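Me: I would like to go through this model with you, beginning with its secondary structure. Could you set out the terms as we proceed?
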Amino acid sequence: MGAGVEGRPADPEPSSKAMNVILFPLRQLFKLAIILLQLLLILYGAHAAYDIRLYPIKEFGYIIHEFDPWFNYRASEYLAEHGLQKFFHWFDYESW
């Protein structure tokens, strides 16, 4: 490889051009495979999160489980009346 016209480097050797022609599609295919793998992992994570969130509904049906709303109401009421500091040290004797 000598100096080209006007001080520019000469074109790469013909064998490296041939390698680039061969390797370019392989590089693009590899990039596409990586992107598809990432997309599949994101979709799998989203599906797993959705499935985990719906597990109680699938297992127990569309019901409100006994005292959940009542406990949330009492906890909110205690927080409003006593403040955040006491709320974090509060023990609810009415729940089991």
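Reply: Helices (H or I, at least four residues) and strands (E, at least two) are DSSP runs, numbered from the N terminus. The model is a predicted one, in which local features need pLDDT of at least 70, side-chain atom pairs count only at pLDDT 80 or more, and totals for chains, interfaces and linings use all residues. Residues are numbered from 1 along each chain as its sequence is written, and side-chain values use heavy atoms, with hydrogens and water left out.

Me: How many helices and strands does the protein have?
Reply: There are three helices and zero strands. Along the sequence the pattern reads α-α-α.

Me: Which residues form the nonpolar patch on the surface?
Reply: Leu-39 is one of them, and the others include Met-19, Ile-22, Leu-23 and Leu-43. Together the patch residues have about 950 Å² of accessible area. Such areas come from the Shrake-Rupley method with a 1.4 Å probe; for residues, only the protein chains shown count as cover. Patches are made of residues with over 30% relative accessible area and no salt bridge, like charges being joined within 9 Å and nonpolar side chains (Val, Leu, Ile, Met, Phe, Trp, Tyr) within 5 Å.

Me: What share of the protein counts as buried?
Reply: Of its 96 residues, 4% count as buried. The protein exposes about 9,300 Å², and carbon and sulfur atoms supply 68% of that area.

Me: Turning to H2, which of its residues are buried?
Reply: They are Arg-74, Ala-75 and Tyr-78. Viewed down the axis of H2, these buried residues fall within an arc of 100°, so they line one face of the helix. The arc is that of the directions from the helix axis to the C-beta atoms.

Me: What covers them?
Reply: The cover of the buried residues of H2 includes H3. Just after H2, Gly-83 adopts a positive phi of about 95°.

Me: What does Arg-74 touch?
Reply: Leaving aside residues up to four places away in sequence, Arg-74 touches Trp-90, Asp-92, Glu-94 and Ser-95. Contact means heavy atoms within 4.5 Å. Arg-74 has a relative accessible area of 10%, and is therefore buried.

Me: How many salt bridges does the structure hold?
Reply: It holds two. A salt bridge is a side-chain nitrogen of Lys or Arg within 4 Å of a carboxyl oxygen of Asp or Glu. In one, the side chains of Asp-92 and Arg-74 meet at 2.7 Å, N to O. This pair links distant parts of the chain, 18 residues apart: Asp-92 is in the segment after helix H3 (84–88), and Arg-74 is in helix H2 (residues 68–82). Both Asp-92 and Arg-74 are buried.

Me: Which residue does Lys-58 pair with?
Reply: Lys-58 forms a salt bridge with Asp-51, with the closest N and O atoms 2.3 Å apart. Lys-58 is exposed, at a relative accessible area of 57%, whereas Asp-51 is partly exposed at 32%.

Methods
Buried means under 20% relative accessible area, exposed over 50%, partly exposed in between (1.4 Å probe, protein chains only).
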